[in-house]
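Notebook open, pencil ready. Today I am looking up how one chain packs together.

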Amino acid sequence: MTLEVADECTEKEIYVEKLIDELRTSAQHQTNQTDIRLVERNWQRFSFILDQYQEQPHLIDSHLDGLLTKIINIIREEVLDYEVKHVAFRCLYFISKVRGYKVVARHLPHETADLEPLLHYLENQDPGVQLKWETHYGLLLWLSIVVKIPFHLQRFDTSTSEPIMER
């Protein structure tokens, strides 16, 4: 890889990370038509940049951890609205579309602490709303990694919630 190509990749990575941050803040404050347009414009920029890697998706491998960390941090924040998290799941889906779900799944966090929030978030999804299929996709992809970890499900059962095996 030449120095010019490396510089261009670094500039795009910085720009994509900035877009993820802007998607988060603009989706968090979308109260009027202008904010919705800003979310959509940032999404279009994000998808345009990643679309350029469709033919050579391995070029984003070195940046995958950083991008996914930003997206996962948005998803993990409990105070954020579901709409903001949906935008993050859209980004996660698009990255997996470009790079492939197997590669992305290897980079997702695989901690037992994520099981309960993932199940809770998945239970709160409305299966009738087909516009949020990227959220369902991302949740199931992440959950498919977490459930492969060897642990006993009784460890998560509390007297206040329904047992995980029944959920």
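Predicted model: local features only at pLDDT ≥ 70, side-chain atom pairs only at ≥ 80, totals over all residues.

Which residues of the largest nonpolar core touch the most other members? I found Ile-20, Phe-46, Ile-71, Ile-75, Leu-92, Ile-95 and Trp-142, out of 39 residues in that core. A nonpolar core here is a set of buried Ala, Val, Leu, Ile, Met, Phe, Trp, Tyr and Cys residues joined through side-chain atoms within 4.5 Å. Buried means under 20% relative accessible area (1.4 Å probe, protein chains only). Helix 4 (82–99) is among the suppliers of this core, and its eight residues are the largest share. Helices are DSSP runs (H or I, at least four residues), numbered from the N terminus.

Residues are numbered from 1 along each chain, and side-chain values use heavy atoms, without hydrogens and water.

Next I looked up helix 7. I see that 10 of its 14 residues are buried, so helix 7 is largely enclosed by the rest of the structure. The buried ones include His-136, Leu-139 and Trp-142. Helix 3, helix 4, helix 5 and helix 6 are among what covers them. Leaving aside neighbours within four places in sequence, Trp-142 has contacts (heavy atoms within 4.5 Å) that include Ile-72, Ile-75 and Leu-118.

Definitions and conventions. Buried < 20%, exposed > 50% of the residue type's maximum accessible area, 1.4 Å probe, protein only. Helix = DSSP H or I, 4+ residues; strand = E, 2+ residues; numbered from the N terminus.
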